[in-house]
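Me: I have a structure to read and I am new to this. Please take me through it, one feature at a time.

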Amino acid sequence: MALRIAPSILSADFARLGEEVRAVQAAGADLLHFDVMDNHYVPNLTFGPMVCAALKPHARVPIDVHLMVKPVDRIVPEFAKAGASIISFHPEASEHVDRTIALIREQGCKAGLVLNPATPLDCLDYTLDKLDLVLLMSVNPGFGGQQFIRGVLPKIAEVRRRIDRLGREIWLEVDGGIKADNIAEVAATGADTFVAGSAIFGSQDYAATLRDMRSRIAAPRAAA
Ligand code: DX5
Ligand code: ZN
C-alpha cells in the first residue's frame, strides 16, 4: 500500500507561502494539504480559491483541499478551477452529501468525506463506494497544533476494514495532532495518508522530519 504524507500549510509561514510550498515539496511531501476555513463551519478563517490558484504554479504534487466551509457546494468548482486535485468536505456542511460528492467528481477532482471525531461512521453506509478518500479527523477542526484524540484509533481500524471489504482503492487519511511519536501507531491501525501541520512546519529541518516520519510509518508494514 502506498503511504503518503500531506503537510498542512495551515502551520506554514503565511508571509512566505510560496517559499514554504516549494520547501516542503523539496523535503519530500507527497501532497499539499490546504485547510480552508470560513469562520462559520469552524471558528477560524484561512484562505479561498485565490490563494490556491496563486500557489498552484509552485505545486508539483497534488493539492489536497480540506473544505471546512458551509455551505460547501458553491465553492467546489472555484477550488477545482484553482487547481485542487482532491476536494474533501464535511457531511454536516452539505444539504445533500451524495450530490456534493458527484459535484466534486464532475469537476475532475477526487472526492473525500471528512468525519469529525464525534461523527459516526454511518455516513459512509451509502457513500463509501463513491469516494476516493475518507478523511478522519483526530482533532476537532479549526486549528493546528492540537492534541491527537486517541479515541479515533478504533474508528480508523473500522474504516480500514470497510475499505478492504469494498476491495477498491480508497485513501484513508488521518488529520490532526499527527507527530513522530504517534504516526507509527496510526499507520499500524490502518491509515495510509497522514496530514501533519505543526509537526512539520514547526520543525527546523522539513526533510529530516519527513524522513523520520516516513521511516516510522514504513516500520509497521515491514514488521507485518
Ligand atoms: C484542523 C486541520 C488540520 C490541521 C493539522 O482543522 O484540518 O489539517 O491543520 O494540524 P496539526 O498537524 O498541527 O494538528
Ligand atoms: Zn485538514
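Me: Which residues come nearest to ligand 1?

Reply: A residue is near a molecule if one of its heavy atoms lies within 4 Å of it. Here 20 residues are around ligand 1, and Asp-35, Gly-142, Asp-175, Gly-197 and Ser-198 come nearest. Keep in mind that this is a predicted model, where local features need pLDDT of at least 70, side-chain atom pairs count only at pLDDT 80 or more, and totals for chains, interfaces and linings use all residues. Residues are numbered from 1 along each chain as its sequence is written, chains are lettered from A and ligands numbered from 1 in the order in which they are written, and side-chain values use heavy atoms, with hydrogens and water left out.

Me: How many residues of each class does the shell around ligand 1 have?

Reply: Start with the classes. Ala, Val, Leu, Ile, Met, Phe, Trp, Tyr, Cys and Pro count as nonpolar, Asp, Glu, Lys and Arg as charged, and the others, Gly among them, as polar. The shell around ligand 1 has 8 nonpolar, 10 polar and 2 charged residues.

Me: Which polar atoms lie by an oxygen atom of ligand 1?

Reply: Look for polar contacts: pairs of N or O atoms within 3.5 Å. Within protein, one atom must be able to donate a hydrogen and the other to accept it, and residues adjacent in sequence count only if both atoms are side-chain atoms. For ligand 1, a polar side-chain atom of Ser-198 is 2.5 Å from an oxygen atom. A polar backbone atom of Gly-145 is 2.8 Å from a ligand oxygen. A polar backbone atom of Gly-177 is also 2.8 Å from an oxygen of ligand 1.

Me: How much of the accessible area of ligand 1 does the protein cover?

Reply: Accessible areas come from the Shrake-Rupley method with a 1.4 Å probe; for residues, only the protein chains shown count as cover. On its own, ligand 1 has 380 Å² of accessible area, and the protein covers 100% of it.

Me: Which elements give two or more residues to the shell around ligand 1?

Reply: Elements are DSSP runs numbered from the N terminus: helices (H or I, at least four residues) and strands (E, at least two). The ones you want are β2 (32-37), β3 (63-68) and β8 (193-196). β2 gives the most, with 3 residues.

Me: Where is Tyr-41, and is it buried or exposed?

Reply: Buried means under 20% relative accessible area, exposed over 50%, and partly exposed in between (1.4 Å probe, protein chains only). Tyr-41 lies in the loop between β2 and α2 (49-55). Tyr-41 is buried, because its relative accessible area is 18%. Tyr-41 and Val-69 are 28 residues apart in sequence, yet 5.2 Å apart in space, C-alpha to C-alpha.

Me: What else is in the loop between β2 and α2?

Reply: Asn-39 is found there. Its phi is near 60 degrees, a positive value in a residue other than glycine. Pro-43 lies in that loop too. Pro-43 is exposed, because its relative accessible area is 54%.

Me: What is the peptide bond from Lys-70 to Pro-71, cis or trans?

Reply: Read omega. For this bond omega is near -5 degrees, and the bond is cis. Pro-71 lies in the loop between β3 and α3 (76-81). Pro-71 is exposed, with a relative accessible area of 54%.

Me: With which side chain does Ser-203 make a polar contact?

Reply: The partner is the side chain of Thr-209, at 2.7 Å. Ser-203 sits in the loop between α7 (198-201) and α8 (206-223). Ser-203 is buried, with a relative accessible area of 18%.
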